[in-house]
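Take a look at it first, and then we can walk through a few of its features together.

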Amino acid sequence: MPEWPGFIGGSSPGTSLVQDAERTINLYVERMEGAGGKVPQALYPVPGYTAWSSGVTTVGTRGMCAAGTRRFAVIGNTLWEFNDNGAATSRGTVAVDGNPAQMVYGGVTANQLGICSGGAVYSFALGTNILSATALVSGYTHLGFAHGYGVAFNPTTGRAQLSSLNDLATYGLATFLQRSRFPDPWQAMFVDQNSLIWLIGTESFEVWYDTGQGTQPFAVLDGLNGLYGIAAPFAYAVTQYGNLWLGLSRGPRVVLAGGGTPSPISTYAINTELARFRRTATIANAEAVINGDNGHTWVTFSFPSVTGSDIDTPSMTVDVESRSWSHRGEWDTGTGQYGIWAPRAIGDWFGWPVCGDRVTGTIWRLDPTVSTDRNGNGIRRLRQSPGLTDEHKRHPINRIELLMDVGVAGQDLDPQVILQMAQDGGVTFGNQRQAGWGRVGQYRKRVFWTRLGAPADAVARVVWSDAAPSRVLAAWINNQEIPSDSSPLQERAA
């Protein structure tokens, strides 16, 4: 039973499709860690959505934050607090712009929530539930919390303003950080898990640390700076493995700074796609979100100005542990195209990963056992294989079989997988052919197609969208069985 080489894998859309046409959408690669697994890796489904919240009257989630045992989100122009049953309480209104809202928790000493929204900075007193505007009222885009200080960044002035110690409500306008080491202007700011302040410009970055001296105790950390800028002010993520951002250094690429100078983690194929996005649309409004589940940490970069297609999405995801890339997106049944992946803000609330999206006021649970999108439609999942060629010799493909989890569909479902074959390395694809992958309880169902021609350069594309959480583990070629009533001698004689 020959296996299709590399059928289980991530996205690697080459500049030349003949070189590599691989694309993986709404699936991720999980490698087997035990020695007894049937296959070394499998394609698992990204989570679906279950509505969780109630009582929200505004739309468009812009930020989420945990403050001790309490949970908050900025949705539209309103700060909402949620209890463990998803019921929402309005805590006041904030200014609005097209940017994400920045939210930080000041710890038990300050007992405050800091919010940057619509250019202004606010504080929310957790003891009194009072939302107040600070002295910072215009032009602020980023907010962090480092060693007891709120840090609010204004790209127009080029200053990162400091709050009073352990007080997110009070900012002294004379206490700030300002760039002096490199000439390019700062574009973004974040605080990492070590309370270091990262300030990134159009061409370079630098890191500031707390010296413990003076009313402005922060200073540049020598040795942790370099020539990687940022392509979009909100396209960054802080993880336990280091900080990622959509970098600029002679072209866009994703970089990871894990304890030192950043280095690229995006592949040539992903960099080529980023360059295409920049040529045909813009990447300046890209955003990144981080989520994790089942032991994985994913960072997804979404590009709202990029238009997807039936096999192309404007959101790309890296599994930080394995460095495997894939794509995510929400299928539009009206246009027949993928849009960006729906979550704009993600948190871990009351034992669940949850998210908010750009267009509704709902907070959703992200559940790997659910296979429907926000509209209740089955999530459309796609895997396009690498090419199968042998010096352009024609080899008959009499049968392709997928090893899948079968028999796990809902009671009334007869789920189908669609196969399309390309004979030119992945440039054009033929007709759609369906195969069932098992009604509920049909655990012996086999998923296969026959009579697939004799291509010289074959690429297989499989798509399914039924509301069932199937996994794909392998693809076999020409794995015909000897009939049970035949012996090897009879086969040879025939």
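Let's begin with V447: setting aside neighbours within four places in sequence, V447 is in contact with I400, E401, L402, M404, V406, V417, A435, G436 and W437. Contact here means heavy atoms within 4.5 Å. The model is a predicted one, where local features need pLDDT of at least 70, side-chain atom pairs count only at pLDDT 80 or more, and totals for chains, interfaces and linings use all residues. Residues are numbered from 1 along each chain as its sequence is written, and side-chain values use heavy atoms, with hydrogens and water left out.

V447 is also one of the residues that touch the most other members in the largest nonpolar core, which has 28 residues; W4, F7, L402, V417, M421 and W449 are the others. A nonpolar core is a set of buried Ala, Val, Leu, Ile, Met, Phe, Trp, Tyr and Cys residues joined through side-chain atoms within 4.5 Å. Buried means under 20% relative accessible area, exposed means over 50%, and partly exposed lies in between (1.4 Å probe, protein chains only).

At least two residues of this core come from each of β3 (27–31), β38 (399–404), β39 (416–422), β41 (447–450), β42 (457–464) and β43 (472–477). Strands are DSSP runs (E, at least two residues), numbered from the N terminus. The most is given by β42, with 4 residues. Apart from this core lies another, of 23 residues, including L244, L274, V318 and V320.

## A covered hairpin

Strand β18 (residues 186–191) is mostly covered, with 5 of its 6 residues buried. Its partner is strand β19 (residues 197–201), and the two pair in the antiparallel sense over 5 bridges; strands pair if DSSP finds at least two bridges between them. Across this pairing, M189 stands opposite L199 in β19.

β18 and β19 form a hairpin with 5 residues between them, and S195 in the turn has a positive phi of about 60°.

## Two loop residues

V18 is found in the loop between β1 (12–13) and β2 (21–25). V18 counts as partly exposed because its relative accessibility is 47%.

N431 has its place in the loop between β39 and β40 (433–436). Is N431 buried or exposed? N431 counts as exposed because its relative accessibility is 69%. Leaving aside neighbours within four places in sequence, N431 is in contact with L419 and Q420. N431 and Q420 are 11 residues apart in sequence and 6.0 Å apart in space, C-alpha to C-alpha.
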